Amino acid sequence: MNEEILTPVLDILDVVGIAIFALSGAVIAAKERQTFVTMAFFALVTGVGGGTVRDLLIDAPVFWITDPWVAAICLATALFAWFTPTRFWEGKLFDIADGAGLAAYAVLGAAKATAYGIPPVPAALMGIITGCVGGIIRDVVAGRPSVIMRPELYVTAAALSASLTVAGMLAAPHLGLLNIAVWGIAFAAGYALRVAAVVWQISLPSYRESPTKKGAE
């Protein structure tokens, strides 16, 4: 693995993303009254899904196969969820917490892709994939509407963090910035956007078919 990405800050973001997404998967299984084995499975696929797809696409070693702590974190999170009433995770509070995992994973994914020499636009997309795919897998397996179909901003928040990460890492040597500052700003921006979207129901305009197009049919 490229040594440039093995930093305490990204390690912290990695743990935050894994734990929060694993918890979201376990909680969904708990709400469906599933067994602990199913909860553990949901925690694992949600926690590592996005990072797995990213690593396969950038031709990197799949991170949780080579790191003994990742699966352990997912299983410990599932155990925590098993003993926690699901009412604790109702409402906007859980979505706000999930936003921290989304932003953390978007920064981590974009930073890792950049460190592996991936061009800027694909690197930013790797950040979005890292942040979003785990939740998509969770919802598909659970038979729920996908997280990306929510009205408030979700993918956009991941895109903001990922784009700022890539742009900042490319500009940092020329501006005398440290990557740690870039990652912090990118995380804060994406997380703030996601929290604002949850609290105030902010969304982008949806597609509307014009009367001209309808009349032409």
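1. Arg-144 pairs with Asp-139 in a salt bridge, with the closest N and O atoms 2.8 Å apart (a salt bridge here is a side-chain nitrogen of Lys or Arg within 4 Å of a carboxyl oxygen of Asp or Glu). Asp-139 also meets Arg-138 in a salt bridge, at 3.0 Å, N to O. Arg-144 is partly exposed at 32% relative accessible area, while Asp-139 is buried at 1% and Arg-138 is buried at 4% (buried is under 20%, exposed over 50%, partly exposed in between, with a 1.4 Å probe and protein chains only).

2. Keep in mind that this is a predicted model: local features need pLDDT of at least 70, side-chain atom pairs count only at pLDDT 80 or more, and totals for chains, interfaces and linings use all residues. Numbering starts from 1 along each chain as its sequence is written, and side-chain values use heavy atoms, leaving out hydrogens and water.

3. The salt-bridge count comes to 4. Asp-55 and Lys-112 make one of them, at 3.0 Å, N to O. That pair sits 57 residues apart in the chain, with Asp-55 in helix H2 and Lys-112 in helix H5 (helices are DSSP runs of H or I, at least four residues, numbered from the N terminus). Asp-55 is buried at 0% relative accessibility, and Lys-112 is buried at 4%. Arg-54 joins these two in a network of salt bridges.

4. Have a look at H6 too: there is a kink of about 35° centred on Cys-132 (the bend is the angle between axes fitted to the seven residues ending at a residue and the seven starting there). Just after H6, Gly-143 has a positive phi of about 70°.

Note on methods
Helices (H or I, at least four residues) and strands (E, at least two) are DSSP runs, numbered from the N terminus.
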